[in-house]
Amino acid sequence: MMRAIGLGVGLFGLWLALSGYFKPFLLSLGVLSCIATVLIAQRMRLLDRETVPLELPLTLLLYWAWLGREVMKSSIAVSRVILARKMPIAQQLIRVPTTQHTEMGHTIFANSITLTPGTVTVETTDDSYIIHALTDAACDMDGFASMDARAAKVGGA
Amino acid sequence: MHELLGMAADIISIFLFIIGGGFMLIGAIGIIRLPDFWSRLHAAGIIDTVGAELILTGMMFQAGFTQVTVKLILIGLFLFVTSPTSTHALANAAFTAGIMPLGMKRNESDKVLKPAPVRDGVKT
């Protein structure tokens, strides 16, 4: 029930943000379509942790701010590699251990690694990932460990 | 006062457009210069993370506190979530297909993947 309400509120918020209409007739159409969507989702048994992640804490925003800074730093590093006269690349597939034990945690950590230029998650298992790194500097194991800890805090234990 | 704020917003957004455009240009150069599929993924990563997000932020400063900014924030969020997904899909497909990085320095992928189970003497 909580998830149905959460999905309905989220959908209506999105409807308002995207339409920008505040006329009563159009508003009621919006409400009706949101309710219909929630009912259909309920009937398809789609309302679970994955589709309506109400458990995600607000610290996700702080995590994104931190991640944004990391992304900026590593894109400058990759830009330097690209612009160097003799591109100093040393491609490697490395194993990165992970301590995540929720699906959301795995998603957040693996996607964060891919999002930072210089590293891409290639394959995931329960306890470690294969990461493709462009340079030696990109395989910073301490950096991965600290990202892992932060993602675990957001993704839940 | 209002004009001053508008000018400040203009300056900030011009600054963001230049930086974002610069990163996009570098990414494009990287796609041409880098030697193989795997390294080009990283150049594409620069374009769709820093490049796109900085330009979207610049547009937000142009739009001010309007509905357009809300839509731009949503576009930024969706891009933030979907672009690593597509990059991962590409990388995973290449790995499954057996394409290996050019001049690979270190390969630890065997340590992660367990060998395929042998059943009745036949590898599955």
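This is a predicted model: local features need pLDDT of at least 70, side-chain atom pairs count only at pLDDT 80 or more; totals for chains, interfaces and linings use all residues.
**Entry 1: the loop between α2 and α3 of chain A**

I looked up E55(A) and found it in the loop between α2 and α3 of chain A. With 10 other C-beta atoms within 10 Å, E55(A) is exposed, because the limit for that class is 12 or fewer. Setting aside the neighbours within four places in sequence, I noted that E55(A) is in contact with R49(A) and G156(A). I also took a distance across the chain: the C-alpha atoms of E55(A) and P117(A) are separated by 29 Å, and the two residues are 62 residues apart along the chain.

I then turned to R45(A), which lies in the loop between α2 (24-43) and α3 (59-83) of chain A. Is R45(A) buried or exposed? I count 8 other C-beta atoms within 10 Å, so R45(A) is exposed.

I next checked how helix α1 (residues 2-33) of chain B packs with helix α2 (residues 37-63) of chain B, and found an angle of about 165° with the axes 8 Å apart. Angles over 145 degrees count as roughly antiparallel, and α1(B) and α2(B) are therefore roughly antiparallel to each other. The crossing of these two helices, α1(B) and α2(B), is left-handed. Sorting the residues of the contact of α1(B) with α2(B) by class, I get 17 nonpolar, 9 polar and 1 charged.

**Entry 2: the contact between the chains**

How many residues does the contact take from chain B and from chain A? I find 38 residues from chain B and 32 residues from chain A. On the side of chain B that touches chain A, the elements giving two or more residues are α1, α2, α3 (67-97), β1 (106-107) and α4 (109-112) of chain B. Of these, α3(B) gives the most, with 11 residues. By class, I record 19 nonpolar, 13 polar and 6 charged residues on that side of chain B.

**Entry 3: a helix crossing between the chains**

I followed α3(A) to where its axis comes within 10 Å of the axis of α2(B), and the two cross at roughly 140°. α3(A) and α2(B) are therefore oblique to each other, and α3(A) passes α2(B) in a left-handed crossing. From α3(A), the residues V71(A), M72(A), S75(A), V78(A), S79(A) and I82(A) meet H42(B), A43(B), I46(B), T49(B) and V50(B) in α2(B). This contact of α3(A) with α2(B) divides into 7 nonpolar, 4 polar and no charged residues.

**Entry 4: strand pairing**

Within chain A, β1(A) pairs in the antiparallel sense over 6 bridges with strand β3 (residues 128-133) of chain A. For P97(A), I noted that the bridge partner in β3(A) is S128(A).

Technical notes
Residues are numbered from 1 along each chain as its sequence is written. Chains are lettered from A and ligands numbered from 1 in the order in which they are written. Helices (H or I, at least four residues) and strands (E, at least two) are DSSP runs, numbered from the N terminus. A residue is buried if 20 or more other C-beta atoms lie within 10 Å of its own, exposed if 12 or fewer, and partly exposed in between; C-beta atoms are placed from the backbone. Axes are lines fitted to C-alpha atoms, for helices over the stretch in contact, and angles run from 0 to 180 degrees between N-to-C directions. Angles under 35 degrees count as roughly parallel, over 145 as roughly antiparallel, 65 to 115 as roughly perpendicular and the rest as oblique. A crossing is left-handed if the near helix is turned anticlockwise from the far one by less than a right angle, and right-handed if clockwise. Ala, Val, Leu, Ile, Met, Phe, Trp, Tyr, Cys and Pro count as nonpolar, Asp, Glu, Lys and Arg as charged, and the others, Gly among them, as polar. Two residues are in contact if their C-beta atoms, placed from the backbone, lie within 7 Å. Two strands pair if DSSP finds at least two bridges between them.
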